[in-house]
Amino acid sequence: MSRVGDGGPAVRRLAEWDATDLLALAEEYDTPLYVIDRDRVAENCARLREAFPDADISYAVKAHTGQAVLRTVREAGLDAECASAGEVERAFEAGFTGNRIRYTAVNPPGRDLDRVVGRWQANPELTITVGAADTVDRLRDRGFDGRLCVRANPGVGAGHHEKVRTGANAKFGIPIERVADLAEAWAAEFDLVGVHAHAGSGISGDDLTAHRELVSRMGDLAREVESRGGGLEFVDVGGGFGVPYRSEEPPLDLDAVAAATREALGDVAGRSPAGCQAELGNVDATLSIEPGRYVVADAGVLLTRVNTVKEARDATVVGVDAGMTTLLRPAMYGAYHAIRNLSAGVDSDTDGEPNATGDRETVPVTVAGPICESADVLCEERPLSRPERGEVLAVGNAGAYGYEMSNTYNTRPRPAEVARSGTTVRLVRRRETAADLTELER
Ligand SMILES: *Cc1c(COP(=O)(O)O)cnc(C)c1O
């Protein structure tokens with residue numbers, strides 16, 4: 001499709017995945033199966049780099065922590081933003097050096113702080129982002145006096161669902177009006193390198209207003225911190241870059257987001273050497289962003305096999321071997337994922353047109369998993385080429401928060417995952433077994 005290393009198209013739709021290839025993978029590795037395309041991950045990184053040439057870009061690791069993805073992201077030049085000690089460990093394992101790792105502490109368990117501070121002792125370039133004064137006390141108790149970033153709660157949130165809006169949620173960050181005072185005090189003790197905010201997930205063309213507002217408040221904060229003698233290295237405005245889950249949604253205009261970001265930030269960051277820093281004179285920080293979803297969402301699909309087809313009152317109910325334990329987003333957020341019947345060779349989620357073979361009826365289909373919960377549906381009454389038992393469905397945009405949120409409820413082992421790069425396919429996570437699940441019992 002495109003050379004590795006270039007940015008590729010703005011989006012890869014489910015319809016563009018090769019059905020024959022995917023069916024062969026389902027055959028060889030069985031289902032449910034996650035497929036992640038490393039080349040697409042690299043393209044997504046490259047597009048971000050093109051749109052934000054002067055910015056620090058960190059990948060929010062929690063969207064997909066698989067080593068294949070982390071290594072691809074590292075090779076593409078992005079840094080790693082980690083939400084737990086476990087993620088910090090996985091970033092090191094993937095070859096990120098301490099200077100490319102940021103740990104964002106959210107109500108961190110003591111065990112996490114012990115491990116991250118331990119890592120920091122050997123890697124003093126590692127940065128820790130704090131969202132509460134308590135966390136600073138606890139870091140001090142552990143002897144930490146290194147690179148500190150303060151997470152502000154900017155009072156604005158954005159996101160596709162209430163559960164992913166963090167910018168105005170009291171759980172996250174320090175109320176922005178208190179940050180400058182605290183930062184000034186902490187700068188005496190720590191290496192105060194940054195201020196940070198993350199508004200949540202789902203920046204789209206429609207809610208750039210919220211993004212602008214957040215960024216503008218962060219610009220003001222950075223100037224305030226600077227005017228009190230801070231020497232900020234970066235102003236981090238978070239992630240949340242949206243991806244089109246529905247086939248009719250346009251892709252995010254990254255250049256527009258980048259332009260809005262720079263403009264709203266004001267004279268702080270991400271300037272070319274001849275830029276506008278002179279106007280305010282005193283702030284010379286780099287713009288920093290930390291997308292997760294955008295890097296991996298359209299690089300992954302989930303394959304699942306039909307085991308039951310039955311006529312219900314309003315829809316054909318199609319039972320499959322992937323459920324809310326495999327892909328939690330529909331149950332948790334009511335999220336929409338495109339679904340395609342690979343065996344029928346048709347793109348299912350759009351127009352209800354008859355499929356390529358012409359003999360398959362398009363009917364309203366509810367795709368449901370094997371879990372004893374009514375929330376365990378991947379879609380409801382969606383026009384889909386009528387599946388038959390044994391056929392394979394592909395679920396699109398499953399690269400972000402897919403495998404990552406999978407769980408073992410109902411004693412349902414987690415799926416396998418393969419990573420492809422060019423023509424090479426590798427099993428990167430074996431299928432979990434029932435024995436894996438009971439192994440911890442004593
Ligand atoms: C989850 C998270 C991100 C990434 O969010 P996306 O919507 O995946 O881009 C970035 N920063 C922080 C602090 C996060 O918690």
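Helices (H or I, at least four residues) and strands (E, at least two) are DSSP runs, numbered from the N terminus. This is a predicted model, in which local features need pLDDT of at least 70 and side-chain atom pairs count only at pLDDT 80 or more, while totals for chains, interfaces and linings use all residues. Residues are numbered from 1 along each chain as its sequence is written, and side-chain values use heavy atoms, with hydrogens and water left out.

**View 1. Asparagine 410 and threonine 411 in the loop between β16 and β17.** Asparagine 410 is placed in this loop, and threonine 411 is found in the loop between β16 and β17 as well. Asparagine 410 is not a glycine, yet its phi is positive, at about 65°. Threonine 411, also a residue other than glycine, has a positive phi near 45°. Asparagine 410 counts as partly exposed because its relative accessibility is 28%. Threonine 411 has a relative accessible area of 56%, so threonine 411 is exposed.

**View 2. Glutamate 290, one of the residues in a UniProt "binding site" feature.** The unreviewed UniProt entry places this feature at Gly240, Glu290, Pro291, Gly292, Arg293 and Tyr401. UniProt positions are given in the numbering used here, feature names are shortened, and annotations may be inferred rather than shown by experiment. Glutamate 290 lies in the loop between β10 (286–289) and α11 (293–296). Its relative accessible area is 6%, so glutamate 290 is buried. Contact means heavy atoms within 4.5 Å. Apart from neighbours within four places in sequence, glutamate 290 has contacts that include Ser58, Glu81, His198 and Asp236. The side chains of glutamate 290 and histidine 196 make a polar contact (2.6 Å). A polar contact is a pair of N or O atoms within 3.5 Å; within protein, one must be able to donate a hydrogen and the other to accept it, and residues adjacent in sequence count only if both atoms are side-chain atoms.

**View 3. Tyrosine 401, also listed in the UniProt "binding site" feature.** Tyrosine 401 lies in the loop between β16 (392–395) and β17 (416–421). Tyrosine 401 is buried because its relative accessible area is 10%. Not counting residues up to four places away in sequence, tyrosine 401 touches Lys62, Ala63, Arg293, Leu327 and Arg329.

**View 4. Arginine 38, a buried residue without a salt bridge.** Arginine 38 is in helix α2 (residues 38–51). A salt bridge is a side-chain nitrogen of Lys or Arg within 4 Å of a carboxyl oxygen of Asp or Glu. Lys and Arg count as positive and Asp and Glu as negative; His and the chain ends are not counted. For arginine 38, the nearest side chain of opposite charge is glutamate 75, 4.3 Å away. The side chain of arginine 38 makes a polar contact with the side chain of threonine 72 (2.7 Å). Leaving aside neighbours within four places in sequence, the contacts of arginine 38 include Ala68, Arg71 and Ala419.

View 5. The structure holds 24 salt bridges. Arginine 140 and aspartate 137 meet in one of them, through their side chains (2.9 Å, N to O). Both residues lie in helix α6 (residues 133–141), 3 residues apart, about one turn of the helix. Glutamate 213 forms a salt bridge with arginine 217, with the closest N and O atoms 2.7 Å apart. Both of these residues lie in helix α8 (residues 208–227), 4 residues apart, about one turn of the helix. Glutamate 213 counts as partly exposed, at 33% relative accessibility, and arginine 217 counts as partly exposed at 28%. Elsewhere, salt bridges that share partners join Asp181, Glu184, Glu224 and Arg228 into one network.

View 6. Proline 32 sits in the loop between α1 (19–29) and β1 (33–37).

Note on methods
Buried < 20%, exposed > 50% of the residue type's maximum accessible area, 1.4 Å probe, protein only.
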